[in-house]
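Here are my notes for you to read with the model open. Have a look at it first, then go through the points.

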Amino acid sequence: MVSGRRTTVGAACGAAREQLRGQWRALIEAPRELFVVYVIKWLTSYSYFVTSLILTVFLSEEFGLSDSTAGFHYGLFGTLITIYGFFMGFVIDNLGVRLSLLLGGGLMLVARLVMALTEDVFVMRLMLFGALPAGEALGTPVLTLGIKRYTTDANRATGLSLSLSLSLSLSLS
């Protein structure tokens with residue numbers, strides 16, 4: 001009885017292993033654009049997590065904000081990403097994936113560059129509460145749409161899992 005159960009478990013594990021190999025093979029054979037989306041997702045996640053790590057210290061040291069005010073700015077920035085995300089859905093639908101990514105990436109680049117170079121608190125707040133969360137809201141959801149577009153039913157679960165793993169691995173560093 002026990003050896004019969006082991007055979008059944010062994011067969012099930014072998015079938016699951018073959019199914020996973022098939023999904024990885026299908027993912028490897030995916031279009032080049034999928035891997036471009038992964039690189040963009042990695043870079044976007046990296047920039048977000050780096051910003052999250054240094055933002056309060058940056059605001060305190062460069063702009064003289066108190067720790068509690070810098071923390072409030074950090075919290076408001078995160079909240080605005082979510083709020084802007086609700087309203088950007090129709091913009092993304094009208095612009096399309098490519099243009100949304102270009103606009104979102106451009107907004108994030110300009111906002112981070114201006115924040116690094118400005119000494120004016122008003123300009124920093126304009127970038128932190130305007131351009132940067134708008135860029136994040138335009139970019140991040142579109143990357144998930146890109147992954148769905150460039151995967152098939154055979155490799156979609158593996159493709160989305162890899163995307164989530166890339167993002168979460170950056171949060172640990």
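1. A contact here means heavy atoms within 4.5 Å. Keep in mind that this is a predicted model. Counting contacts in the protein chain between residues at least 6 apart in sequence, 75% join residues at least 24 apart.

2. On to the overall layout.

3. Take a look at T51, which sits in helix α2 (residues 32-63). T51 is buried: its relative accessible area is 10%, and the cut-off for buried is under 20%. A polar atom of the T51 side chain lies 2.8 Å from the backbone oxygen of S47.

4. What is T51 in contact with, once its neighbours within four places in sequence are left aside? The partners are F77 and R112. R112 is 61 residues away from T51 along the chain, with 9.0 Å between the two C-alpha atoms.

5. Last, the rings. There are four aromatic pairs. One of them is Y48 with F49: the ring centres are 5.4 Å apart and the planes meet at 70°, so this pair is edge-to-face; over 60 degrees is what counts as edge-to-face. Y48 is partly exposed, at 26% relative accessible area, and F49 is partly exposed too, at 24%.

Definitions and conventions
Residues are numbered from 1 along each chain as its sequence is written. This is a predicted model: local features need pLDDT of at least 70, side-chain atom pairs count only at pLDDT 80 or more; totals for chains, interfaces and linings use all residues. Side-chain values use heavy atoms; hydrogens and water are left out. Rings of Phe, Tyr and Trp (its six-membered ring) pair if their centres lie within 6.5 Å; planes under 30 degrees apart count as stacked, over 60 as edge-to-face and the rest as tilted. Buried means under 20% relative accessible area, exposed over 50%, partly exposed in between (1.4 Å probe, protein chains only). Helices (H or I, at least four residues) and strands (E, at least two) are DSSP runs, numbered from the N terminus. A polar contact is a pair of N or O atoms within 3.5 Å; within protein, one must be able to donate a hydrogen and the other to accept it, and residues adjacent in sequence count only if both atoms are side-chain atoms.
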